[in-house]
Amino acid sequence: MIDLQIRAARADEAETVLSFWKEAAEGTSITDDVDGVTRLVARDPEALILAESEGRVVGSVIAGYDGWRCSLYRLAVLPSHRRQGVASALLEAAESRFLAVGGRRGDAMVLEANERARRAWAAAGYQREDHWRRWVKPFV
């Protein structure tokens, strides 16, 4: 494993996070803008967890808790840093956060077509639940 610092993102890092996601994450969301990231950090300062190595963001996960659900989004690692324990460290931080607030189960959003991500989540002990489907309605 490489030398990592795991920490919560700051609101002033929104552009850095967005640039990182363009390089490391698959898919996009309507909330992928400075306002969306800034509002996330303002509402829940511990939700956006970053992994840094040598001063550079190399991984992220959003560990959102609404008092009911423990939701995981945007687990991403720079291609140059994959298979070095970054995702595991991020998930360990997210799961510790959830346990500290009384969470009982983590739910991860995973792109169906992202086979690499599906393997990573399975390796971390997460299981696909085929009886659920996501229903969405954009408000903008």
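A: Begin with burial: a residue is buried under 20% relative accessible area, exposed over 50% and partly exposed in between, with a 1.4 Å probe and protein chains only. Helices (H or I, at least four residues) and strands (E, at least two) are DSSP runs, numbered from the N terminus. In α3, the buried residues are Val86, Ala89, Leu90, Leu91, Ala94, Arg97 and Phe98. This is a predicted model, in which local features need pLDDT of at least 70 and side-chain atom pairs count only at pLDDT 80 or more, while totals for chains, interfaces and linings use all residues. Residues are numbered from 1 along each chain as its sequence is written, and side-chain values use heavy atoms, with hydrogens and water left out.

Q: Which elements do the buried residues of α3 pack against?

A: Contact means heavy atoms within 4.5 Å. The buried residues of α3 pack against β1 (5-8), β2, β3, β4 and α4.

Q: What span should α3 have, and what is the distance between its end C-alpha atoms?

A: The expected span of a helix is 1.5 Å times one less than its number of residues. For the 15 residues of α3 that gives 21 Å, and the end C-alpha atoms are 21 Å apart, which agrees. Just after α3, Gly102 takes a positive phi of about 90°.

Q: How do I read the buried side of a helix such as α1?

A: An α-helix has 3.6 residues a turn, so residues three or four places apart point the same way. In α1, Ala14, Val17, Leu18, Phe20, Trp21 and Ala24 are buried. Seen down the axis, these buried residues fall within an arc of 160°, so they line one face of α1; the arc is that of the directions from the helix axis to the C-beta atoms. The face of α1 turned away from its buried side carries the exposed residues Glu15 and Lys22. The buried residues of α1 pack against α2, β2, β3 and β4.

Q: Which residues of α2 are buried?

A: Gly36, Val37 and Val41 are the buried residues of α2. Their arc around the axis is only 125°, which puts them on the same side of α2. Exposed residues Arg39, Ala42 and Arg43 sit on the face of α2 turned away from the buried side. The cover over the buried residues of α2 includes α1 and β2.

Q: What does Val41 touch?

A: Val41, in helix α2, counts as buried at 8% relative accessibility. Not counting residues up to four places away in sequence, Val41 touches Ala9, Arg10, Ala11 and Leu48. Val41 and Asp12 are 29 residues apart along the chain, and their C-alpha atoms are separated by 9.4 Å.

Q: How many residues does the largest nonpolar core have?

A: In soluble globular proteins, nonpolar side chains tend to be buried together. A nonpolar core is a set of buried Ala, Val, Leu, Ile, Met, Phe, Trp, Tyr and Cys residues joined through side-chain atoms within 4.5 Å. Here the largest nonpolar core has 34 residues, and those with the most contacts inside it are Phe20, Trp21, Leu48, Leu72 and Val86. The elements that give two or more residues to this core are α1 (14-24), α2 (34-43), β2 (48-53), β3 (56-65), β4 (70-77), α3 (86-100) and α4 (115-123). Leaving aside neighbours within four places in sequence, the contacts of Leu72 include Val61, Leu91, Phe98, Trp121 and Tyr126.

Q: How are the rings of Trp121 and Tyr126 arranged?

A: Rings of Phe, Tyr and Trp (its six-membered ring) pair if their centres lie within 6.5 Å; planes under 30 degrees apart count as stacked, over 60 as edge-to-face and the rest as tilted. The structure holds one aromatic pair. Trp121 and Tyr126 form an edge-to-face pair, at 4.9 Å centre to centre with 85° between the planes. Both Trp121 and Tyr126 are buried.

Q: Where does Arg74 lie relative to Trp21?

A: A charge sits over a ring if NZ of Lys or CZ of Arg is within 6 Å of the ring centre and within 35 degrees of the ring normal. Arg74 lies over the face of Trp21, at 4.7 Å from the ring centre. Arg74 is found in strand β4 and is buried, with a relative accessible area of 16%. Arg74 has a positive phi of about 55° although it is not a glycine.

Q: Is Arg83 buried or exposed?

A: Arg83, in the loop between β4 and α3, counts as exposed at 86% relative accessibility. Arg83 has a positive phi of about 65°, although it is not a glycine.
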